[in-house]
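Let's take a walk through this fold together, starting with its sheet and then turning to a pair of helices. Have the viewer open as you read.

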Amino acid sequence: MCLVESGGVFIFHFPKQDYVFEKQKTENGKPENFSNAKRTIKVKLKIKFSFEKGISESQSFSGGGARRRRSGRSSQFSIPMAAIFRSLLLLLALSESFIIGVFTIGVGVNYGRIANNLPPPSQVSTLLRSLNITRVKVYDADPQVLQAFAGTNIEFIIGLGNEYLQKVRDPQQAQTWIQQNVQPYISQTKITCINVGNEILGGQDTQLASYLLPAMKSMYGALVNLGLNKQVYITTAHSLQILATSFPPSQGAFQENLIQYIQPILNFHAQVDSPFFINAYPYFAYKGDPNNVPLEYVLFEPNPGSTDPHTNLKYDNMLYAQIDAVYSAIKALGHSDIEVKISETGWPSKGDEDEAGATVENAGIYNRNLMQRMQQGESTPARPSEPLDIYVFALFNENQKGGPTSERNFGLYYPDGSLVYNLGVKSYILPRIDYSSSMKNALSFLSLFILLLGSLFLER
């Protein structure tokens, strides 16, 4: 149950309430018992306090406020004292809360934190649970974040930064890192993966590329030593720059100069049964050639699509073609036993003048359509029986990222918890309770009110 004060009105919210606070009438006009609430119904009980009249008005809402009942004997049904007292007692333990709804966006999400204006991890945890998000990827192993998600059952991918690769090649250093960053939290926070490095291959640092596989092996060996290898898997995320050919999808191939690194990495994945992570952004393909790449094709909008001449498979969007191209590249190196997961994809809502397509409208269309397809359990044309596992980038806009403007505007949410654009679901503003002096006085009165209710209940 949550409490938010707005304009002198206290809003109580029962996210798992078993009853709809709304009078049910029989044919003869007499009230029935409360009806069981559907899970999708959000119940809010507003009580406006008056120092002169006590409880002067009570309103009840169900189904998002579509129906409303005013107080009074003709329309207000009495709530059992025991039920309301038990509920109100919980308010005394609250320090900060949200009004939350119940829906799902069908994907995992990247929780990047290169910003100085983001809400604390405890509030982010509440936001993600309200969205029914069960998979989160972060880029480090921050203790505050891991502690904030304790007991949530959200699956966590944590990151080992590129700067640690050289160090953790040493098995003892790898084990120390896991003992410090995984073991203290894994009993409460569902850590399922360590992403070792990010987009190492395809860059200019060949020395760092040579550290990648030894670091992955060393981290896996440490998991085995600590008895955690059945709970946590090891992988690394690649950019699409590792591909030399991406169309047609059946002819996907890795860059020749990277095969010396990718081949043994694929062998490692097959040996330990871990997935291949790829960061795939159709946006960058459109940005690079907006005159020849159809916008509808990259936004999952209706379009003629493209057909792979070697398989006759039709693709109605670029992302699915990119995924199948990665599978084809992996198969060309002798592996058909490795799952591909999309560790990042997204679309920026704002960009510089030379960043074609970076608009709020396009970002909303891309992520809305993607989430709808994931909710429907879609797969790619070449692998129709294998559901996709996709992590959207990113949860928040990150105001301290470098590079072009688009890099700071991939977020689904602003730091205040409001949506950057419509996601096709109900938008939730997630206010933080401001414990000003007036609020503290109001809460003091609320505490007194709860105690009075308690005494009345005990006298009965």
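## About the model

This is a predicted model, in which local features need pLDDT of at least 70, side-chain atom pairs count only at pLDDT 80 or more, and totals for chains, interfaces and linings use all residues. Residues are numbered from 1 along each chain as its sequence is written, and side-chain values use heavy atoms, leaving out hydrogens and water.

## The barrel

Eight strands form a closed barrel with parallel pairing, in the order β6-β7-β8-β9-β10-β13-β16-β17. Strands are DSSP runs of E with at least two residues, helices are runs of H or I with at least four, and both are numbered from the N terminus; two strands pair if DSSP finds at least two bridges between them.

Take β13 (residues 276–279) and β16 (residues 340–345): they run parallel and are joined by four bridges. Within β16, Glu344 is the bridge partner of Asn279.

## Helices on the sheet

Helix α10 (residues 318–332) packs on the sheet and touches β13, β16 and β17 (390–392), where contact means heavy atoms within 4.5 Å. The direction of α10 makes about 135° with that of β16; angles run from 0 to 180 degrees between N-to-C directions, and axes are lines fitted to C-alpha atoms, for helices over the stretch in contact. Helix α11 (residues 360–375) lies across β16 and β17, at about 150° to β17.

## A helix pair

Helix α5 (residues 171–181) and helix α6 (residues 206–225) have axes that come within 8 Å and cross at roughly 60°. In α5, Pro171, Ala174, Gln175, Trp177 and Ile178 meet Ser218, Met219, Ala222, Leu223 and Asn225 of α6.
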